[in-house]
Amino acid sequence: MFQRLLRVLRGPPQLLTETLNVAGEITLKVDLAQHSHLDPFMATGKTVWPATAVLASYLAAPEQRSRLLGRNVIEVGSGMGLVGMAASALGAQAVCLTDRRIPLPPQVNLYADCLFSEADEVSTHPGSDHLIRALRRNVAENMHAITSLSCRIAPSQMPVKIAVEELAFGDRMQLDSLLKSHGPFQIVLGSDVTYFRPILPELVATLRQLADASRQAASPEPNSAKDAGSNDVTDGGGIIAWLAHARRQSSGEAALFSALEAANFETKIVHEHTGDHGHIVIVECRG
């Protein structure tokens with residue numbers, strides 16, 4: 001009985017391995033079997049969503065490659081980490097992959113006790129760092145492929161620098177600690193992190209904190225000259241964020257733009273993709 005119920009709750013079986021081709025040169029792989037026991041509603045990061053490939057493809061274009069080169073990059077809501085690992089392979093100076101703990105409320109314990117094996121129960125304890133540990137494994141297993149491309153694009157930046165840290169949207173103290181260790185960041189990446197309207201204020205607050213930290217770190221000395229030939233916001237502080245947003249509901253996109261603009265971000269759609277999985281856009285935010 002419990003096994004039948006578990007199959008219904010988990011839904012149809014997923015592919016055991018997801019792959020991502022980067023610039024037609026390397027293939028990144030992640031193992032999804034290790035996450036099959038996780039509740040899909042509580043651990044959306046266990047899935048590789050279609051927006052991942054769209055954002056990675058956008059980053060591989062020549063203009064975006066040049067913007068990544070030598071930059072400090074953070075990916076928020078990394079999930080399996082494919083986008084951030086692609087950015088590292090494409091020449092980013094350093095990349096920090098982040099995701100939250102799996103937020104299982106206390107009343108789910110009985111559900112876990114009944115339906116999961118003893119090993120699974122450990123992994124799905126409320127506040128589990130399962131996804132963080134999975135991110136670290138994914139980085140380790142793909143490091144050879146990442147390095148093989150990165151050393152050709154930016155040999156002076158060797159060795160490849162990829163960090164994995166815990167970060168929940170809206171957690172200022174957590175982000176302050178992360179910024180001290182790895183920041184400031186000039187580029188922020190997010191793939192399908194905009195799907196749930198109630199979390200948009202926390203996501204935007206995190207983007208604002210990242211932008212303010214970057215601006216503060218890049219504040220010029222009094223009377224110092226700036227590079228007049230540059231029109232990249234990151235050269236004068238601040239961030240560029242590229243968010244791959246799946247158009248599931250028009251009201252969701254309107255809410256996203258409204259929240260970003262209220263936080264003083266310049267926001268526009270820079271890329272659109274229509275495929276078997278619907279319409280996905282790349283939203284660029286500067287601030």
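**Reading a predicted fold: pocket, core, salt bridges and backbone**

Reader: By class, how many nonpolar, polar and charged residues are in the lining of the second largest pocket?

Author: The lining has eight nonpolar, eight polar and two charged residues. Ala, Val, Leu, Ile, Met, Phe, Trp, Tyr, Cys and Pro count as nonpolar, Asp, Glu, Lys and Arg as charged, and the others, Gly among them, as polar. This is a predicted model, in which local features need pLDDT of at least 70 and side-chain atom pairs count only at pLDDT 80 or more, while totals for chains, interfaces and linings use all residues. Residues are numbered from 1 along each chain as its sequence is written, and side-chain values use heavy atoms, with hydrogens and water left out.

Reader: What is the volume of the second largest pocket, and which residues are closest to its centre?

Author: A pocket is an open set of points on a 1 Å grid over the protein atoms alone, where a 1.4 Å probe fits and protein lies on both sides within 12 Å along at least five of seven lines; lining residues have an atom within 4 Å of a point. Points are joined across faces, edges and corners, and the volume is the space filled by probe spheres set on them. Here the second largest pocket comes to about 360 Å³. Its lining has 18 residues, and Val 48, Trp 49, Pro 50, Ala 53 and His 277 are the closest to the centre. Two or more lining residues come from each of β1 (17-22), α2 (50-60), β8 (266-275) and β9 (278-286). Such helices (H or I, at least four residues) and strands (E, at least two) are DSSP runs, numbered from the N terminus. The protein chain has 10 helices and nine strands.

Reader: How much of the chain is buried, and which residues touch the most other members of the largest nonpolar core?

Author: Buried means under 20% relative accessible area, exposed over 50%, partly exposed in between (1.4 Å probe, protein chains only). Of the 287 residues in the protein chain, 48% are buried. A nonpolar core joins buried Ala, Val, Leu, Ile, Met, Phe, Trp, Tyr and Cys residues through side-chain atoms within 4.5 Å. The largest one has 46 residues, and Leu 28, Leu 55, Leu 59, Leu 189 and Trp 242 touch the most other members.

Reader: What does Leu 55 contact outside its sequence neighbourhood?

Author: Contact means heavy atoms within 4.5 Å. Beyond four places in sequence, Leu 55 is in contact with Val 83, Leu 189, Gly 190, Ser 191, Trp 242, Ala 244 and Ile 282. Tyr 58, found in helix α2, is buried at 10% relative accessible area. With residues up to four places away left out, Tyr 58 touches Gln 64, Trp 242, Val 270, His 271, Ile 282 and Glu 284. Helix α4 (residues 82-89) is mostly covered, with eight of its eight residues buried. Among them are Leu 82, Val 83 and Met 85.

Reader: How many salt bridges are there, and which residue pairs with Arg 152?

Author: Side chains of opposite charge can pair when their charged atoms come close. The rule asks for a side-chain nitrogen of Lys or Arg within 4 Å of a carboxyl oxygen of Asp or Glu. The count is 10 salt bridges. In one of them, Arg 152 meets Glu 25, with the closest N and O atoms 2.7 Å apart. Arg 152 is in helix α7 (residues 130-153) and Glu 25 in the loop between β1 and β2 (26-31), so this pair ties together parts 127 residues apart in sequence. Glu 25 is partly exposed at 41% relative accessibility.

Reader: Which residues form salt bridges with Arg 247?

Author: Glu 253 meets Arg 247 at 2.6 Å, N to O. Glu 272 also forms a salt bridge with Arg 247, the closest N and O atoms being 3.6 Å apart. Glu 272 is in strand β8 and Arg 247 in the loop between β7 (240-246) and α10 (250-262), 25 residues apart. Glu 253 is buried at 12% relative accessible area, whereas Arg 247 is partly exposed at 31% and Glu 272 is partly exposed at 48%. Elsewhere, a network of salt bridges links Glu 63, Arg 67, Glu 284 and Arg 286.

Reader: Where are the cis peptide bonds, and what is the phi of Asp 192?

Author: Most residues other than glycine have a negative phi, and most peptide bonds are trans. A cis bond joins Met 158 and Pro 159, with omega about 0 degrees; Pro 159 is in the loop between α7 and β5 (162-166). The bond from Gly 183 to Pro 184 is cis too, with omega near -5 degrees, and Pro 184 is in the loop between α8 (172-182) and β6 (187-191). Asp 192 has a positive phi, near 55 degrees. Asp 192 lies in the loop between β6 and α9 (200-218) and is buried, at 6% relative accessibility. Ala 23 also has a positive phi, near 55 degrees, but Ala 23 is partly exposed, at 29% relative accessible area.
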